[in-house]
Amino acid sequence: MMANGDKKPGGGGAGGSGGGTTAACWSSSSYKAILVFIVPLVVVFGLISLLSPKSSNWVFISNYYLTGLSPNISAPNSSEIGASHDDVLGLRSTVVVMDMHGNTIEEFHSDDYVQNRSASPPLAVEEATPPPLEPIINGTNDEDPKYETDANPAMDNPATRQREYTNLGRLEGRLRRARVAIREARFANKTHDADYIPNGPMYWNANAFQRSYLEMEKRFKVFVYEEGEPPLFHNGPCKSIYSMEGNFIHEIEVNKQFRTRNPEEAHVYFLPYSVTMLVRFVYVRDSHDFSPIRQTVRDYVNIISTKYPYWNRSLAADHFTVACHDWGPETSNSDPYLRKNSIRGLCNANTSEGFNPSKDVSFPEINLQTGDTHGFLGGPSPRLRSILAFFAGGVHGPIRPILLEHWENKDKDMRVHQYLPKGVSYYEMMKKSKFCLCPSGYEVASPRVVEAIYTGCVPVLISDHYVPPFSDVLNWKSFSVEVSVSDISNLKKILTSISTRQYLRMQRRVIQVRKHFEVNSPPKRFDVFHMILHSIWLRRLNVRVHDDQ
């Protein structure tokens, strides 16, 4: 695990080498064997795409408008959004019903949302009158349909009532109960948990997060489409800068708690393709032709939407993908519903490139060169950190040249390097530093953010349009520093203006949130795997799907 595995355009270093012992991690194989797999796959997918029907169905999707901000503003960054939480509390969600052609059918508003606050726009939930609290707490009436409908006059409609007795109706009813439980928990006492009880200013609302997490553990089910073969599907890198792709794919496929083999009981549906593998094996290097990747994804969507009813039922609103490769957002353009409706888990969470915090998930980029985090966690106490700020890395993207121009080898307190001197350890430098500078490279995400957290160094996020991971739960302002590109010249002034007392608080909080970024095999509660799942769970809570009857 090293920071010098910086990304390059076109996916250089996309594959990694060796998959270790994890079945979903990519290991080198014959290119001929890959071609034997891909050519017939494309032919078959192409035929099915010509024959596959589309059925008209409905989906409820939430869009967010922040008071005082024009929808035409290209990308408020997290500091702009988080600066006015009184406004965030006043957000309204516009719930739009769309048909298969993307036409708006129905629109209504809700002031409610799952989490109390969020650095990114919080997730809204449909307006509901809570049913009796007792069944929510003791869970004794999960199968009783009378607890699965909202106290809503519309529910008196016989057709609406009938839907509540379908599999989907019962599933949606339980999700409504989870929403109610989370709302109630915002102002209630925490539940005892022997493993971990969220607490402190690192969380927008620790009570709501804990209840939401417990509801996820109790209810959440993921169906993984089994179609497709490695290396493009059910596979991904586990020893590279894009390691979280392969890590998540592997862990969800072997998971026995959240994965279900019965699609009828699933809340979400996972498309297990790896963008990194698509770039490595489908894209023709230096061709600048993205169409083979788009066609592969498009054909896969045609396969699953023809074989199963779920894609067409929700128009992808309860489907999700994960991608750490820079081309993750571009890959989702392969299908309009994949881009507009699906839950996209992205390391490259760039709002200027279409990342939508209300439906998409930002998850961390973690450079696991050795496949695990052994030896990288921990660092000395703050009193032993003599360096004010540290950065070392390649000059690529628009931000790093500015950083190096102002600070490279110009101030003994600001250790900014393009290349470290021979014999100097990158990780030892992080462990000696109070603040670790995390400028964006070609894309907004940087593995340095997690590396800083691992070593107990307060991360300094230098980027525009970046939504940090798990912002729906974590208050990044409490344990990191956000600096705009225009303020790079004032970096030292900004950092030295932070009092010793405030720095100590921030450093202590970095240590506390570290568990949410740790990679474990098998996963442990509240670690990065479960936090990614929780972010997907929150987005699913924000969508209501029903049969088009």
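A salt bridge here is a side-chain nitrogen of Lys or Arg within 4 Å of a carboxyl oxygen of Asp or Glu. By that criterion, Asp 193, Asp 195, Glu 217 and Arg 525 are linked in a network of salt bridges. The model is a predicted one, and it holds 18 salt bridges.

**Salt bridges**

- Side chains of opposite charge can pair when their charged atoms come close.
- Glu 172 and Arg 540 form a salt bridge in which the closest N and O atoms are 2.5 Å apart; because Glu 172 belongs to helix H6 (residues 167–185) and Arg 540 to helix H19, the pair ties together parts that are 368 residues apart in sequence.
- Both partners of this pair fall below the 20% limit for a buried residue, since Glu 172 has a relative accessible area of 2% and Arg 540 has one of 1%.
- Arg 313 is paired with Asp 318 in a salt bridge whose closest N and O atoms are 4.0 Å apart; Arg 313 counts as buried at 10% relative accessibility, and Asp 318 counts as buried at 1%.
- A salt bridge also joins the side chains of Arg 514 and Glu 518, at 3.8 Å from N to O, and Arg 514, with 15% relative accessibility, counts as buried.

**Packing of H7 against H19**

- Two packed helices are described by the angle between their axes and the distance between the axes.
- Helix H7 (residues 206–219) packs with helix H19 (residues 528–541) at an angle of about 90°, and their axes are 10 Å apart; angles of 65 to 115 degrees count as roughly perpendicular, and H7 and H19 are therefore roughly perpendicular to each other.
- On the H7 side the contact is made by Phe 209, Ser 212, Tyr 213, Glu 215, Met 216 and Arg 219, while H19 contributes His 530, Met 531, Leu 533, His 534, Trp 537 and Leu 538.
- Sorted by class, the contact of H7 with H19 has 7 nonpolar, 3 polar and 2 charged residues.

**Helix H10**

- Helix H10 (residues 291–307) has 17 residues, which at 1.5 Å a residue should span 24 Å, and this agrees with its end C-alpha atoms being 24 Å apart.
- Buried residues in H10 include Ile 293, Thr 296, Val 297, Tyr 300, Val 301, Ile 303 and Ile 304, and also among them are Asp 299, Asn 302 and Ser 305.

Note on methods. Residues are numbered from 1 along each chain as its sequence is written. This is a predicted model: local features need pLDDT of at least 70, side-chain atom pairs count only at pLDDT 80 or more; totals for chains, interfaces and linings use all residues. Side-chain values use heavy atoms; hydrogens and water are left out. Axes are lines fitted to C-alpha atoms, for helices over the stretch in contact, and angles run from 0 to 180 degrees between N-to-C directions. Helices (H or I, at least four residues) and strands (E, at least two) are DSSP runs, numbered from the N terminus. Angles under 35 degrees count as roughly parallel, over 145 as roughly antiparallel, 65 to 115 as roughly perpendicular and the rest as oblique. Contact means heavy atoms within 4.5 Å. Ala, Val, Leu, Ile, Met, Phe, Trp, Tyr, Cys and Pro count as nonpolar, Asp, Glu, Lys and Arg as charged, and the others, Gly among them, as polar. Buried means under 20% relative accessible area, exposed over 50%, partly exposed in between (1.4 Å probe, protein chains only). The expected span of a helix is 1.5 Å times one less than its number of residues.
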